[in-house]
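This briefing is intended for reading alongside the sequence and the three-dimensional model.

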Amino acid sequence: MNPIVQCIPNFSEGRREEVIEAIADSIRAVEGVSLIDYSRDNSHNRSVFTFIGSPAGVKAAAFASCKKASELIDMTKHKGEHPRMGATDVIPFVPIKDITGEECVALSNDLGQQIAKE
């Protein structure tokens, strides 16, 4: 069995190319994870990334990208049309192959705990 998870995090940056590319690079750096798409919206000042891989790899890439966003995005200066909660707004996990929705929920809970600790 080779479980595959998709992750689609949203970040509160859609204008500064260097920040968006740094987040993309943090995902690309995780072995076994494929960054399959990312896009940005200037008026919303938001970017959305899509990547897939093993549950452990996707969790590692999600953490790395969240950490990079927290280092580079200053929410006290953020302006945009889209409502936002933080530098990272959402980190959805989607079951693709050989993994259940419940296992993706557990993965998101584990990631949330790791983010809270660090």
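**Briefing on the predicted model**

N45 is buried, its relative accessible area being 5%; buried denotes under 20% relative accessible area, exposed over 50%, and partly exposed the range in between, with a 1.4 Å probe and protein chains only. The model is a predicted one, in which local features need pLDDT of at least 70 and side-chain atom pairs count only at pLDDT 80 or more, while totals for chains, interfaces and linings use all residues. Residues are numbered from 1 along each chain as its sequence is written, and side-chain values use heavy atoms, with hydrogens and water left out.

**Overall architecture**

- The protein chain contains three helices and six strands; helices (H or I, at least four residues) and strands (E, at least two) are DSSP runs numbered from the N terminus.
- Along the sequence, these elements follow the pattern β-β-α-β-β-α-β-β-α.
- The protein chain has a radius of gyration of 14 Å, close to the 13 Å given by the globule rule for 118 residues, so it is as compact as a globular protein of that length. The radius is taken over C-alpha atoms, and the rule is 2.2 Å times the number of residues to the power 0.38.
- Taken along the principal axes, the C-alpha atoms of the protein chain fill a box of roughly 45 × 25 × 20 Å.
- Of the 118 residues in the protein chain, 39% are buried.
- The accessible surface of the protein chain is about 6500 Å², and 52% of this surface belongs to carbon and sulfur atoms. Accessible areas come from the Shrake-Rupley method with a 1.4 Å probe; for residues, only the protein chains shown count as cover.
- Among contacts in the protein chain between residues at least 6 apart in sequence, 71% join residues at least 24 apart; a contact means heavy atoms within 4.5 Å.

**Nonpolar core**

- In soluble globular proteins, nonpolar side chains tend to be buried together.
- The largest nonpolar core has 25 residues, of which V5, I23, I27, F49, F51, I73 and F93 touch the most other members. Such a core is a set of buried Ala, Val, Leu, Ile, Met, Phe, Trp, Tyr and Cys residues joined through side-chain atoms within 4.5 Å.
- At least two residues of this core come from each of β1 (4-7), α1 (17-28), β3 (33-41), β4 (46-53), α2 (55-72) and α3 (101-117).
- Not counting residues up to four places away in sequence, F51 touches V5, Q6, C7, P9, I27, V33, S34, L35, I36, V58, A61 and A62.

- β3 and β4 pair in the antiparallel sense over eight bridges; two strands pair if DSSP finds at least two bridges between them.
- V33 stands opposite G53 in β4.
- Four residues separate the two strands of this hairpin, and N45 lies in the turn.
- N45 has a positive phi of about 55 degrees although it is not a glycine.

- S65 is found in helix α2 and counts as buried at 0% relative accessibility.
- A polar atom of the S65 side chain lies 3.0 Å from the backbone oxygen of A62. A polar contact is a pair of N or O atoms within 3.5 Å; within protein, one must be able to donate a hydrogen and the other to accept it, and residues adjacent in sequence count only if both atoms are side-chain atoms.
- Leaving aside neighbours within four places in sequence, S65 is in contact with F11, I23, S26 and I27.
- S26 belongs to helix α1 and is buried at 12% relative accessibility.
- With residues up to four places away in sequence not counted, S26 touches A64, S65 and K68.
- A64 lies in helix α2 and is partly exposed, with a relative accessible area of 24%.

- R15 lies in the loop between β2 (10-11) and α1 and is partly exposed, at 38% relative accessible area.
- A polar atom of the R15 side chain lies 2.8 Å from the backbone oxygen of N42.
- R15 and D25 are ten residues apart in sequence and 17 Å apart in space, C-alpha to C-alpha.
- D98 is found in the loop between β6 (93-97) and α3, and its relative accessible area of 35% makes it partly exposed.
- D98, a residue other than glycine, has a positive phi near 55 degrees.
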